[in-house]
Amino acid sequence: MATPNPEFLRFTGHESFTQRLVLSTLTGRPIHISQIRSSSPTHPGLAPHEISFLRLLDSITNGSSVQISYTGTTLTYIPGLITGSVTTGLGATGDVVKCALPETCRRGVSWFLLPLSILAPFSKAPVNVRFEGEGVITSATETGDISVDSVRTAILPLYEQFSILGAKLELRVLQRSCAGPGGKGGGGVVELKFGSQVRLPKTLHMNRSPGRVKRIRGVAYCTGVSASNNARMIHAARGVLNPLVADVHVAAQYDQAPLVSSHDKTNPSGKKRTGVGFGLSLIAESNADGVIYSADVAAPSQGGVTPEDIGKKCAFQLLECISQGGCVTRIGAPTVLTLMAMGSEDVGRVRLGRDVVGTEEIISLGRDLKKFGASSWGIRDAEDDGTGDIIVSVKGIGVGNVGRKVA
Amino acid sequence: MTATLGKRKRSAAVVSKSEEDQRSSSPGSDSSLLDAQEIFRRHFESQFKPLPVVQKAPAAIEDGPDNLSDANSESEWDGISEAGEGAVEVIEHSDAQSHMAAMPKEELKAFMSSKPPKSTPTPSLIRDKAGISIADDDDSETANLKKDLALQRLLAESHLLESASNPTLTGKNRHKATDLRMQALGSKTSIFKQEKMPMSHRKGIISKQSEREETRRREARENGIILERAKMKPKKNSIGQRDRGVGAPSVGKFTGGTLTLSKKDISDIEGPQRGVNSRGGGRVRGRGRGKRP
């Protein structure tokens with residue numbers, strides 16, 4: 001595809017990989033990323049999950065092109081139009097784009113879901129993507145990804161504030177899976193249906209007090225291990241949380257471990273169970289509108305932890321998240337800030353905890369946004385109380401669906 | 001009298017605790033509060049070995065001798081917990097299952113569906129015609145009427161919510177509720193009634209229904225449960241009342257261009273004969289159009 005503006009934005013390193021690709025796709029600016037793990041002697045270049053994400057981008061856009069160097073340490077990406085799931089290209093059957101993740105994938109499927117759902121409102125057609133294959137981990141992972149339950153219960157509700165209909169969003173978990181042996185691979189099947197496309201997402205004003213936590217919900221999941229682990233996790237978490245909030249309810253979800261191919265040369269049709277484990281996802285809803293805190297802990301793939309530990313840890317993580325304050329958590333802030341920056345040309349304000357703003361990812365997001373031509377953030381203290389929260393004002397650059405069609 | 005006694009007892013127990021605290025904090029201060037029991041105790045201790053520390057009943061101090069029996073009973077009871085016992089070993093038996101409070105089914109369904117859960121609370125189920133829900137604290141006349149209606153409906157339809165498969169008023173239950181409301185409004189037939197079916201099926205269904213109803217009544221009677229009154233079976237319509245077509249003769253049977261009158265018809269038309277019907281009170285029987293004598 002002939003590029004209207006061939007000057008590349010140059011980045012280095014593999015950090016915030018998806019974020020840069022998303023911003024590039026939304027703004028239409030081609031990017032060039034170099035020195036991707038160039039110093040690693042054993043695994044230089046792009047990791048399997050990053051390649052999978054590039055494939056996914058390729059299948060939901062039209063006219064994008066990706067060039068990867070031989071060693072995989074350099075990447076050139078020229079974005080196309082976000083068409084959604086009407087493509088007839090690679091991996092598309094019907095109107096569902098299938099995204100197969102390889103066995104070597106170490107990241108949870110939420111690593112794909114979060115950037116994908118940022119792109120989806122700007123798409124031309126609804127985005128239906130089905131993640132499958134031997135690398136789909138639906139649980140939280142040790143690499144820091146949240147579980148699909150947290151994506152559904154804590155991240156997707158944030159979109160409603162941008163006038164994106166929550167009723168048209170759907171995140172269906174057809175098969176659950178924890179991380180497989182060595183933290184690699186799973187066997188889950190997850191389907192994201194993002195049926196609400198807007199011309200221009202509205203900005204939001206969440207500069208009020210985040211309110212008080214009124215109820216705590218959650219999902220405890222077990223795949224392939226005894227379902228009593230659910231009860232033990234829930235019990236431990238309630239032991240911590242119940243003295244603080246009375247309204248604590250955690251749903252329990254038990255599934256069989258997924259079957260994947262055993263990769264046995266002598267028995268090609270052999271199957272094995274993988275992705276055994278358990279975990280807990282908690283959300284705390286505040287009495288202020290749309291304020292949701294979340295926490296996620298899963299058992300490590302090598303095992304050796306008790307469900308009580310996981311439950312307690314998750315409860316403490318939730319308490320820590322609540323103590324950080326603000327209206328949006330560290331997990332949700334990139335989504336909210338990106339949508340505000342890409343949305344209508346209007347100044348929106350969002351109140352974030354000081355510790356949330358101070359994280360590396362938010363700072364790098366701010367820098368990246370600036371590099372892609374968005375206006376800088378205005379940052380000031382919320383002086384109404386002694387919480388030390390920070391109000392970030394973000395001006396949108398008016399990237400909308402129409403802009404995508406013209407480009 | 002017993003009620004007041006009980007009350008006093010309770011208050012006495014409360015007082016005893018605080019009193020006991022006071023006592024333990026300042027053991028010398030209670031010398032002024034000596035009562036008869038205390039004097040007896042001192043006397044006893046001077047002669048024999050000291051009694052174990054017994055929580056005294058301060059109710060007696062406050063209420064005087066009229067409450068002495070209460071105080072005695074309490075001191076007996078308090079004797080069980082002795083100060084000389086060793087530290088109590090605490091065994092915490094955490095039963096994971098017992099503390100798992102389940103989410104309400106409705107909420108669980110909403111929360112675990114594939115859609116993002118609604119953060120807003122579930123709206124009130126009482127809605128007005130425009131679909132606007134009525135706040136629970138709305139006290140106006142119309143709101144009250146609507147609440148009344150909702151309550152009546154809930155009472156009438158609550159048995160539908162008992163089914164395990166579908167505990168909501170949706171799906172099949174909604175149709176059942178609609179049917180109930182229609183019948184309450186005077187609908188003759190149920191929307192669930194199948195109009196055409198083989199006679200044998202219909203007979204089977206009806207006999208099964210009546211049999212079931214009969215068993216229910218019998219079992220209720222045997223168990224001494226009083227049921228609602230049995231509905232009276234509708235009387236079989238007599239032939240005379242049957243629906244005749246428009247333009248058809250009101251008497252007799254018209255076939256093949258001939259009006260056929262049966263004997264009964266004729267006698268109806270003629271009316272009772274005077275000579276024969278001597279013992280009758282002159283009452284006209286039948287519903288013929290015969291002239292009255």
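Is S110(A) buried or exposed? In this predicted model, S110(A) has a relative accessibility of 2% and therefore counts as buried, the limit being under 20%. The residue belongs to helix α3 of chain A, a helix that covers residues 110-119. When residues up to four places away in sequence are left aside, the contacts of S110(A) are P115(A), D145(A), I146(A) and V151(A).

The largest nonpolar core contains 104 residues, and F131(A) and L337(A) have the most contacts inside it. Another core lies apart from the largest one. This other core has seven residues, among them A154(A) and V219(A) from chain A and M103(B) and F111(B) from chain B.

The cysteines were then considered. A disulfide is a covalent bond between the sulfur atoms of two cysteines. Over all chains, the count of disulfides is zero. For C105(A), the closest cysteine sulfur is that of C99(A), at 9.2 Å; a disulfide requires sulfur atoms within 2.5 Å, so this pair is too far apart for a bond. C105(A) is buried, with a relative accessible area of 0%. C327(A) is buried as well, at a relative accessible area of 3%.

Empty space in the model was also searched. Rolling a probe the size of a water molecule over the atoms shows where such space is left. Across the whole structure, one cavity of 30 Å³ or more is found. The largest cavity has a volume of about 70 Å³. Its lining is made up of S139(A), A140(A), T141(A), E142(A), C178(A), A179(A), V276(A), G277(A), A298(A), A299(A), P300(A) and S301(A). By class, seven of these lining residues are nonpolar, four are polar and one is charged.

Pockets, unlike cavities, are open. The second largest pocket has a volume of about 1300 Å³. It is lined by 23 residues, of which I206(B), Q209(B), S210(B), E213(B) and K231(B) are the closest to its centre. The lining of this pocket divides into seven nonpolar, five polar and eleven charged residues.

Conventions
Residues numbered from 1 in each chain as written. Chains lettered and ligands numbered in written order. Predicted model: local features only at pLDDT ≥ 70, side-chain atom pairs only at ≥ 80, totals over all residues. Heavy atoms only, no water. Buried < 20%, exposed > 50% of the residue type's maximum accessible area, 1.4 Å probe, protein only. 1 Å grid on protein atoms, 1.4 Å probe; cavity = no way out; pocket = protein on both sides within 12 Å on 5 of 7 lines; lining within 4 Å. Points joined across faces, edges and corners; volume = space filled by probe spheres on them. Nonpolar A, V, L, I, M, F, W, Y, C, P; charged D, E, K, R; others polar. Helix = DSSP H or I, 4+ residues; strand = E, 2+ residues; numbered from the N terminus. Contact = heavy atoms within 4.5 Å. Core = buried A, V, L, I, M, F, W, Y, C linked by side-chain atoms within 4.5 Å.
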